[in-house]
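I opened a new page for this structure.

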Amino acid sequence: MEFLKAIIDAAVGFVRRNPLLCLLILFLAIAAPAVLKGIAVFVLYFILGMLLLGAVAVFMLRWRLRRLQREMEERFGPGAGASSERNAGEGEVRVYRTADAPRRRVADDVGDYVDFEETKTPEEPR
């Protein structure tokens with residue numbers, strides 16, 4: 001019974017918020033039922049078309065993600081990436097050498113050497 005009451009309350013609220021639209025629908029239902037039927041069929045097909053378009057978009061996205069996953073596995077091997085990081089043992093450290101020491105960008109005769117030593121300054125009371 002509460003379910004029916006909720007439906008009726010929602011319908012009454014819709015009529016209160018949209019009185020002109022409800023009068024137009026009532027007028028079309030009485031004066032030109034074929035036009036009202038045509039509008040209802042259009043709305044139905046529009047909603048079904050949007051649902052179908054959404055389903056196709058979801059399937060296309062899944063297909064694209066699977067294709068990208070296969071490409072990554074071919075390029076980097078199976079299990080590459082974040083999954084291999086998770087499989088590493090706790091406390092295990094891997095160091096990869098990427099290249100030899102880079103060439104110096106600044107010549108040796110550029111600039112002066114400044115000898116310094118760190119000194120601690122007493123902290124000021126707050």
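I began with a term: buried means under 20% relative accessible area, exposed means over 50%, and partly exposed lies in between (1.4 Å probe, protein chains only). I then looked up E71, which is partly exposed because its relative accessible area is 31%. R67 also counts as partly exposed, at 30%.

Next I noted the ground rules. This is a predicted model, where local features need pLDDT of at least 70, side-chain atom pairs count only at pLDDT 80 or more, and totals for chains, interfaces and linings use all residues. Residues are numbered from 1 along each chain as its sequence is written, and side-chain values use heavy atoms, with hydrogens and water left out.

I checked the confidence, pLDDT, which the predictor gives each residue from 0 to 100. The protein chain has a mean of 83, and 84% of its residues reach 70 or more.

I looked up the helices (DSSP runs of H or I, at least four residues) and strands (runs of E, at least two), numbered from the N terminus. I found four helices and zero strands.

I searched for salt bridges (a side-chain nitrogen of Lys or Arg within 4 Å of a carboxyl oxygen of Asp or Glu). The whole structure gave one. R67 and E71 form a salt bridge at 3.6 Å, N to O. Both sit in helix α3 (residues 33-76), four residues apart, about one turn of the helix.

Last, I looked up burial. Of the 126 residues in the protein chain, 3% count as buried.
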